[in-house]
Amino acid sequence: REEGRLVLRIPQSFARHRLERRRADLEAVCARLFGRPTRVELAAPADADAAGAASASADEAVRRRRRDALAHPSVNAVLEIFGGEVVEIRPHGSRGDGGATR
């Protein structure tokens, strides 16, 4: 926040666009709150590009893990024997219970 200016960094583009449409209302509220006209700027976080790259990398890791699991000979043998199909692949410990099977 600077004199007469407020910058809001909002990571979700959907939320940013919704606020953009209501910018005049937001600036009116800020003017009442700060006691003077306040220009509001809506921006993505500075690290949004890095977050997008990390997300793409994580998505690629999930695809690779799924491809590797479906190509594993033991998995294919079990699917063939039981006539099943793979519905979901989760990394060990992703259920929040330490990965223990019950």
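Guide: Gladly, and one way to begin is with the contacts: in the chain, among contacts with a separation of 6 or more, 50% are between residues 24 or more positions apart. Please keep in mind that this is a predicted model.

Visitor: Is Ser-13 buried, exposed or partly exposed?

Guide: Ser-13 counts as partly exposed, because its relative accessible area is 39%, and that value falls between the cut-offs of 20% for buried and 50% for exposed.

Visitor: OK, what helices and strands are there, and in what order?

Guide: The chain has 4 helices and 2 strands, and, read from the N terminus, the order is β-α-α-β-α-α.

Visitor: And where does Thr-38 sit?

Guide: Thr-38 is in the loop that links helix 2 to strand 2, the strand being residues 39-43.

Visitor: Why does Thr-38 count as buried?

Guide: Thr-38 counts as buried because its relative accessible area is 8%, and buried means under 20%. Leaving aside residues up to four places away in sequence, Thr-38 touches Gly-4, Arg-5, Leu-6, Glu-27, Cys-30 and Ala-31. Its side chain also reaches the backbone oxygen of Arg-36, at 3.0 Å.

Visitor: Which residues form a nonpolar patch on the surface?

Guide: Val-78, Ile-81 and Phe-82 form one, and together they have about 370 Å² of accessible area. Phe-82 belongs to helix 4, which is residues 73-82, and Phe-82 counts as exposed because its relative accessibility is 68%, where the cut-off is over 50%.

Visitor: Changing topic, where is confidence highest and where is it lowest?

Guide: Helix 2 (residues 23-34) has the highest confidence, with a mean of 92, whereas helix 3 (residues 48-71) has the lowest, with a mean of 74. Over residues 96-102 the pLDDT is below 50, and this stretch has 7 contacts in the model beyond near neighbours in sequence. Where pLDDT is low, the predicted coordinates should not be read in detail.

Visitor: And what is the mean for the chain?

Guide: The mean pLDDT of the chain is 80, with 80% of its residues at 70 or more.

Conventions:
Residues are numbered from 1 along each chain as its sequence is written. Side-chain values use heavy atoms; hydrogens and water are left out. pLDDT is the predictor's confidence in each residue, from 0 to 100. Contact means heavy atoms within 4.5 Å. Patches are made of residues with over 30% relative accessible area and no salt bridge: like charges are joined within 9 Å, nonpolar side chains (Val, Leu, Ile, Met, Phe, Trp, Tyr) within 5 Å. Accessible areas come from the Shrake-Rupley method with a 1.4 Å probe; for residues, only the protein chains shown count as cover. A salt bridge is a side-chain nitrogen of Lys or Arg within 4 Å of a carboxyl oxygen of Asp or Glu. Buried means under 20% relative accessible area, exposed over 50%, partly exposed in between (1.4 Å probe, protein chains only). A polar contact is a pair of N or O atoms within 3.5 Å; within protein, one must be able to donate a hydrogen and the other to accept it, and residues adjacent in sequence count only if both atoms are side-chain atoms.
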